[in-house]
Amino acid sequence: MAVNITDADTYIAANCIDIEDWTDCDEAKKQRIINVAHRTLTTKYPKLTIPDAAVYEFSNELAIAFNDSNRLQMQGIASYSVTGVASFTFKDWAKSGVEAWIPQSALDIIGGENGVKIGARQAKWTVL
């Protein structure tokens, strides 16, 4: 596996719908995003082969998650406005944590490569 920015740019441009946040990133941020995506997937699924395409799908989602506007939400800002330009209000149900942003498309690619089915749902403790 040799994930890189050039291949990520090509893959994301051809296979992802919402690519503006990815294309707006500078090269250094793209590399950080790829590094985090790769590390997160290999840590979460250590026994599985992680195809480059899965890393690129996840990288695009992370670019969206950590764009300038969403980053403000993660820092606890509920809303803000720029006078005469725009007003932004964030929802309370936003995802938190890097693993929460792994898209089903990346899980499908990993599952297809390894002959397993991976779902985004996880068993969690609950009290009745």
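Helices (H or I, at least four residues) and strands (E, at least two) are DSSP runs, numbered from the N terminus. Read along the sequence, the protein chain here runs α-α-α-α-α-β-β-α. That pattern holds 6 helices and 2 strands.

This is a predicted model, in which local features need pLDDT of at least 70 and side-chain atom pairs count only at pLDDT 80 or more, while totals for chains, interfaces and linings use all residues. Residues are numbered from 1 along each chain as its sequence is written, and side-chain values use heavy atoms, with hydrogens and water left out.

**The chain as a whole**

- The protein chain has 128 residues, and 32% of them count as buried. Buried means under 20% relative accessible area, exposed means over 50%, and partly exposed lies in between (1.4 Å probe, protein chains only).
- Contact means heavy atoms within 4.5 Å. Among contacts in the protein chain with a separation of 6 or more, 62% join residues 24 or more positions apart.
- The structure holds 0 disulfides. A disulfide is a pair of cysteine sulfur atoms within 2.5 Å.
- Cys 16 is buried, at 13% relative accessible area. Cys 25 is buried too, at 11%.

**How the helix angles are read**

- Axes are lines fitted to C-alpha atoms, for helices over the stretch in contact, and angles run from 0 to 180 degrees between N-to-C directions.
- Angles under 35 degrees count as roughly parallel, over 145 as roughly antiparallel, 65 to 115 as roughly perpendicular and the rest as oblique.

**H1 against H3**

- The axes of H1 and H3 come within 10 Å and cross at roughly 85°. H1 is therefore roughly perpendicular to H3.
- From H1, Ile 5, Ala 8 and Asp 9 take part in the contact. They meet Glu 27, Lys 30, Gln 31 and Ile 34 in H3.
- By class, this contact of H1 with H3 has 3 nonpolar, 1 polar and 3 charged residues. Ala, Val, Leu, Ile, Met, Phe, Trp, Tyr, Cys and Pro count as nonpolar, Asp, Glu, Lys and Arg as charged, and the others, Gly among them, as polar.

**H3 against H4**

- Helix H3 covers residues 27-44 and helix H4 covers residues 52-65. Their axes come within 9 Å and cross at roughly 120°.
- H3 and H4 are therefore oblique to each other.
- The crossing of H3 and H4 is right-handed. A crossing is right-handed if the near helix is turned clockwise from the far one by less than a right angle, and left-handed if anticlockwise.
- On the H3 side, the contact includes Ile 33, Ile 34, Val 36, Ala 37, His 38, Thr 40 and Leu 41. On the H4 side are Ala 54, Val 55, Phe 58, Ser 59, Leu 62 and Ala 63.
- The residues of this contact of H3 with H4 divide into 10 nonpolar, 3 polar and no charged.

**H4 against H6**

- The axes of H4 and H6 come within 8 Å and cross at roughly 170°. H4 and H6 are therefore roughly antiparallel to each other.
- Ala 53, Ala 54, Glu 57 and Phe 58 in H4 meet Ser 105, Ala 106, Ile 109 and Ile 110 in H6.
- The contact of H4 with H6 has 6 nonpolar residues, 1 polar and 1 charged.

**The loop between S2 and H6**

- Val 98 lies in the loop between strand S2 (86-89) and H6. Val 98 is partly exposed, with a relative accessible area of 28%.
- Leaving out residues up to four places away in sequence, Val 98 touches Val 36, Thr 40, Phe 58, Leu 62 and Phe 66.
- Val 98 and Thr 40 are 58 residues apart in sequence, yet 7.8 Å apart in space, C-alpha to C-alpha.
- Pro 103 is also in the loop between S2 and H6. Pro 103 is buried, at 13% relative accessible area.
- Pro 103 touches Glu 57, Phe 58 and Glu 61, again not counting residues up to four places away in sequence.

- Thr 10 lies in helix H1 (residues 5-15). At 53% relative accessibility, Thr 10 counts as exposed.
- Asp 108 is in helix H6 (residues 104-114). Asp 108 counts as partly exposed, at 45% relative accessibility.
- Asp 108 and Ile 118 are 10 residues apart in sequence and 6.7 Å apart in space, C-alpha to C-alpha.
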